[in-house]
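Work through the exercises below with the sequence and the model side by side. Try each task before reading its solution.

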Amino acid sequence: TLGGLLLCIGAGIAFERADEAALDETTRELELLTSRPHSHPAAGVRLATDLGSTVTAREPDEVRETAALTEPELRLLESGRHHDNVIRLGPADDRSNCHGWVFTGGKFILSPDDVELILKENGYEAVHEPQPGDVVIYRNSGTVSHTAVVRYVSGDQPVLVAGKWGVLGVFLHPVEKSCYGTDYTYYRSSRRGHLVSGAGGTPGTGAPVVGVAE
């Protein structure tokens, strides 16, 4: 009886440590994907919504070589939760995050508040049936955590979206298979493309998005 009790206690401790390790890994993963590099407002750049509100363009204080970001990217993919669900479309890059990849063509870093402003003032409306070119916004506790673009929709097949994962690369994956959870909403605008004014977009009409599905 004593041996069985000790075995149960030992198993409980092992499971607890495994849970803690998994939690630590998830925390590190989220920090890597949602944290922004130290940055500053881009000099001489003015981005704006279609209604003229300012969108703050930011640049990293330091642009690291792609090789410096390869190890954490590989570690993330090889963790077992993403490796078989993604196709890498582009390299890691400090110069933009996911929001900037969609709305500035990968030129700048944007904040979640910028995204909410763009959705509101560039004519985006939530839709239930996605189409290629729609924007998909992931949220965490109501706050924007990730922006991507719908690339593929076909019958009963998974919806495929493309987006930049933090400072890491650009990935194509099923909309429900990402590091950003499953709390997401599709948005559509009548403007062509998603670039904001000052990053190549024309107020009210938009322009094709560099590197992103139109």
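**Exercise 1: An aromatic cluster**

Y138 is buried, at a relative accessible area of 0%; buried means under 20% relative accessible area, exposed over 50%, and partly exposed in between (1.4 Å probe, protein chains only). This is a predicted model, where local features need pLDDT of at least 70, side-chain atom pairs count only at pLDDT 80 or more, and totals for chains, interfaces and linings use all residues. Residues are numbered from 1 along each chain as its sequence is written, and side-chain values use heavy atoms, with hydrogens and water left out.

Task: describe the aromatic pair that Y138 and Y184 form.

Solution. 
- Start with the rule. Rings of Phe, Tyr and Trp (its six-membered ring) pair if their centres lie within 6.5 Å; planes under 30 degrees apart count as stacked, over 60 as edge-to-face and the rest as tilted.
- Count the pairs. The whole structure holds 6 aromatic pairs.
- Y138 sits in strand β7 (residues 135–140) and Y184 in strand β11, so the pair ties together parts 46 residues apart in sequence. Helices (H or I, at least four residues) and strands (E, at least two) are DSSP runs, numbered from the N terminus.
- Join them up. Ring pairs link Y138, W165, F171, Y180, Y184 and Y186 into a cluster.

**Exercise 2: The neighbours of β9**

Task: find which strands pair with β9, and in which sense.

Solution. 
- Recall the criterion. Two strands pair if DSSP finds at least two bridges between them.
- Look at one partner. Strand β8 (residues 143–152) runs antiparallel to β9, with 3 bridges. Here V149 has A162 of β9 as its bridge partner.
- Look at the other. Strand β10 (residues 170–174) is also antiparallel to β9, joined by 5 bridges. G163 stands opposite F171 of β10.
- Inspect the hairpin. There are 5 residues between β9 and β10, and G166 takes a positive phi near 60°.
- Check the cover. In β9 (residues 160–164), 4 of the 5 residues are buried.

**Exercise 3: The setting of S189**

Task: is S189 buried or exposed, and what does its side chain reach?

Solution. 
- Locate S189. It lies in the segment after β11 (184–188).
- S189 has a relative accessible area of 16%, so it is buried.
- Find the polar contacts (N or O atoms within 3.5 Å; within protein, one must be able to donate a hydrogen and the other to accept it, and residues adjacent in sequence count only if both atoms are side-chain atoms). A polar atom of the S189 side chain lies 2.8 Å from the backbone oxygen of N122. The side chain also reaches the backbone nitrogen of R191, at 3.2 Å.
- List the contacts (heavy atoms within 4.5 Å). Leaving aside neighbours within four places in sequence, S189 touches N122, G123 and Y124.

**Exercise 4: Cysteines and the whole chain**

Task: how many disulfides does the structure contain?

Solution. 
- Apply the cut-off. A disulfide is a pair of cysteine sulfur atoms within 2.5 Å.
- The search finds 0 disulfides.
- C98 is buried at 4% relative accessible area, and C179 is buried at 8%.
- Step back. The chain has 4 helices and 11 strands, and 44% of its 214 residues are buried.
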